[in-house]
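Trainee: I would like to go through this model with you, beginning with the ligand site. Could you take my questions one at a time?

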Amino acid sequence: MAEDSTFAIDRALRQELESWQRAGLSHLPMPPRRPPAANPSSASVKPPTTRTPPSSRSNSRMTAPAATQFTSRPITSPQAHTLPVVSDPLPASPHAVGSLEDRQWRLNELRQRVAACIRCQELANARTQTVFGVGNPEARFLFIGEAPGADEDAQGEPFVGAAGQLLNKIIAACGLKREDIYICNILRCRPPGNRKPLPEEAGNCREWLDGQIAIVDPEFIVCWGATAAQNLMGTEESIGRLRGRSFQHGRATVLCTYHPSYLLRNPAAKKDVWEDMKLFLKQAGLPVPV
Ligand code: URA
């Protein structure tokens, strides 16, 4: 009897969380697991109100969470894959909040957690290494791809294979450099045989993506391909319908376009991507090549 009611509560809670997730909630903020007394360093950490603008950007959000020991909390119910997995917040960095050093420090903390991540057993067993992300921690532009392929798995960096070479050409055609951008993926491990990420894998990796977005705090996010766009925004709309429009994700404007791998198979779609890039450049206030 008691077991039945526990199960019913568990199911009701799960349904409630799933409805929040469908409504766009990506994760729940978790309080520190220990009382402050057990972790004296947290007492001296105050959430900052603003971050130091690195350049001409006007940045206003970013809070440093209290320092706590890292504990991953996968939810182990049968429906676990539909729920977000949330770790304790990153400790506050010793640097001025929002400074380049602060962002590098926090990205490095996150990178270490990712390197130790075994939430997706199949991927963790098969990977050579995790592929965290690369680029400018203060970038105005954050690009999101799908998942590492064989080259990325070997080199530990996103978009270094054939699709990456094409992406580099697109970046150059936009008058940008790779160093102007922060690049990451929906997944940080290569799916075997380069299959599409499973929903539970994207869910397991979501915390890392959200962390990277929060630290870099870009003005623009470009989603390369349906997997990136649909997972970031929690939509099932096709990439054909998502491209050519802009969306809001936190403070970032999101634009979507076809994945470079798709362009390698369908070169005719390059003109569409170029249209999308022109829209991106225009919205970013950058010169639009004619
Ligand atoms: N394709 C992606 O989506 N990401 C990479 O990092 C490489 C290829």
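**Ligand site and core**

Trainee: Which residues surround the ligand?

Mentor: The model is a predicted one. In this model, the ligand is surrounded by G145, E146, A147, E152, P158, F159, N185 and H259.

Trainee: How does that shell divide into nonpolar, polar and charged residues?

Mentor: The shell around the ligand holds 3 nonpolar, 3 polar and 2 charged residues.

Trainee: Now the polar atoms. What lies 3.1 Å from a nitrogen atom of the ligand?

Mentor: That is a backbone N or O atom of A147. The backbone of E146 also takes part, with a polar atom 2.6 Å from an oxygen atom of the ligand.

Trainee: Which side chain has an N or O atom 2.7 Å from a ligand oxygen?

Mentor: The side chain of H259 has an N or O atom at that distance from an oxygen atom of the ligand. As for cover, the ligand on its own has 230 Å² of accessible area, and the protein covers 93% of it.

Trainee: Let us change topic to the core. Which residues touch the most other members of the largest nonpolar core?

Mentor: They are F143, I144, I221 and F280, in a core of 58 residues. Helix α7, which spans residues 199–216, contributes the largest share of this core, with 7 residues.

Trainee: What does I144 touch, if residues up to four places away in sequence are not counted?

Mentor: I144 touches C184, N185, I186, L209, I213, I221, V222, C223, W224, A228 and L232. One of these contacts is I221, and N185 is also among the residues that surround the ligand.

Trainee: How far apart are the C-alpha atoms of I144 and I221?

Mentor: They are separated by 7.3 Å, although the two residues are 77 residues apart along the chain.

Trainee: And the chain overall: how many helices and strands are there?

Mentor: The chain has 11 helices and 8 strands. Of its 290 residues, 45% are buried.

Trainee: What share of the contacts with a separation of 6 or more comes from residues 24 or more positions apart?

Mentor: Such pairs account for 68% of those contacts.

Technical notes:
Residues are numbered from 1 along each chain as its sequence is written. This is a predicted model: local features need pLDDT of at least 70, side-chain atom pairs count only at pLDDT 80 or more; totals for chains, interfaces and linings use all residues. Side-chain values use heavy atoms; hydrogens and water are left out. A residue is near a molecule or strand if one of its heavy atoms lies within 4 Å of it. A polar contact is a pair of N or O atoms within 3.5 Å; within protein, one must be able to donate a hydrogen and the other to accept it, and residues adjacent in sequence count only if both atoms are side-chain atoms. Accessible areas come from the Shrake-Rupley method with a 1.4 Å probe; for residues, only the protein chains shown count as cover. Ala, Val, Leu, Ile, Met, Phe, Trp, Tyr, Cys and Pro count as nonpolar, Asp, Glu, Lys and Arg as charged, and the others, Gly among them, as polar. A nonpolar core is a set of buried Ala, Val, Leu, Ile, Met, Phe, Trp, Tyr and Cys residues joined through side-chain atoms within 4.5 Å. Buried means under 20% relative accessible area, exposed over 50%, partly exposed in between (1.4 Å probe, protein chains only). Helices (H or I, at least four residues) and strands (E, at least two) are DSSP runs, numbered from the N terminus. Contact means heavy atoms within 4.5 Å.
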